[in-house]
Amino acid sequence: PAGEAQSLSHAAAEALARREVAPPSAVTGPSGHEQSRLQSRPPPPSLASAAKRRCVRLNGLLGGASCEGLLRLHAQHGEDFDAINLSTCWCRLVRGTSEDIAWLQQENGERLLPLRSQTLDVLANWTSDEQTVANIVHAMGRLQLCGSRWAPLWEAGEGAAAAMAGACTKPQALAMVAWAFAAAGRPAAALFEVLSGAALRIVRAFDPQSLANMALGLAPVKQRGPL
């Protein structure tokens with residue numbers, strides 16, 4: 001009957017109005033225990049930490065490698081080398097025997113070409129410490145890398161050396177750079193003036209060996225600066 005249907009509808013409407021709707025569970029946050037657990041979880045390692053560990057690991061491999069082994073490591077892992085790894089690689093290359101040096105010098109350093117472009121980028125965008133520049137440039141001088149093939153690397157090295165000399169606090173680094181450019185016969189008068197001024201600024205920190213090396217570096221180019 002119509003009256004009974006209306007009564008049922010009215011009762012259903014009242015029940016619906018009185019009903020309390022619980023908040024949806026999907027928007028509830030973690031419990032206090034879960035929050036505490038999440039907060040105590042250690043953060044993931046940063047990219048900087050991972051890069052530092054990789055640098056240390058590669059330097060360990062480079063430290064015990066022969067000349068051939070150094071070039072092989074660069075061929076395998078060169079894309080992971082940072083400025084410190086490259087510096088270590090160059091430094092280790094020239095610590096070999098005279099036969100090793102001669103082997104590397106063959107065909108004007110043909111075997112070293114894979115290192116050239118990466119090293120050029122590091123020197124052209126130098127932001128590391130002074131020893132990085134000194135090690136690379138010193139190795140280039142020891143290996144007598146000359147000619148048009150290596151000229152861009154020397155030019156980048158000259159710019160990096162001039163930039164680092166201004167704030168350099170390591171006499172040995174200045175002496176290594178001066179010796180390298182002189183040994184390679186590079187005409188870098190402006191650089192030698194900067195090196196001379198930088199050496200004078202920290203002259204009291206020079207030990208006899210570094211001072212002698214600095215003098216040997218400046219002598220062939222007849223540098224007449226204040227030093």
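User: What should I know about the model before reading any values?

Analyst: This is a predicted model, in which local features need pLDDT of at least 70, side-chain atom pairs count only at pLDDT 80 or more, and totals for chains, interfaces and linings use all residues. Residues are numbered from 1 along each chain as its sequence is written, and side-chain values use heavy atoms, with hydrogens and water left out.

User: How many helices and strands does the protein chain have, and what makes a stretch count as one?

Analyst: The protein chain has 12 helices and 0 strands. Both are DSSP runs, numbered from the N terminus, where a helix (H or I) needs at least four residues and a strand (E) at least two.

User: Why is G141 called buried?

Analyst: Buried means under 20% relative accessible area, exposed means over 50%, and partly exposed lies in between, with a 1.4 Å probe and protein chains only. G141 has 1% relative accessibility, and therefore counts as buried. G141 sits in helix α8, which covers residues 130–142.

User: Which residues is G141 in contact with, leaving aside its neighbours within four places in sequence?

Analyst: Contact means heavy atoms within 4.5 Å, and with those neighbours left aside, G141 is in contact with W154, W179, A180 and A183.

User: Why are E110 and R149 said to form a salt bridge?

Analyst: A salt bridge is a side-chain nitrogen of Lys or Arg within 4 Å of a carboxyl oxygen of Asp or Glu. E110 lies in the loop between α6 (98–109) and α7, while R149 lies in the loop between α8 and α9, so the pair ties together parts that are 39 residues apart in sequence. The count by this rule comes to 1 salt bridge.

User: Are E110 and R149 buried, exposed or partly exposed?

Analyst: E110 has a relative accessible area of 35% and is therefore partly exposed, and R149, at 27% relative accessibility, counts as partly exposed too.

User: How do you know that the length of α7 agrees with what a helix should span?

Analyst: The expected span is 1.5 Å times one less than the number of residues. Helix α7 (residues 113–124) has 12 residues and should span 16 Å, and its end C-alpha atoms are 17 Å apart, which agrees.

User: What makes the buried residues of α7 line one face?

Analyst: The buried residues of α7 are L115, Q118, T119, V122 and L123. Seen down the axis, they fall within an arc of 140°, so they line one face of the helix; the arc is that of the directions from the helix axis to the C-beta atoms. The face turned away from the buried side carries the exposed residues S117 and A124. What covers the buried residues includes α4 (67–77), α5 (83–93), α8 and α9 (151–165).

User: Which residues of α11 are buried, and how do you know that they are on the same side?

Analyst: In α11, the buried residues are L191, F192, L195, S196, A198 and A199. They cover an arc of only 165° around the axis, which puts them on the same side of α11. The face turned away from that buried side carries the exposed residues A189, A190 and E193.
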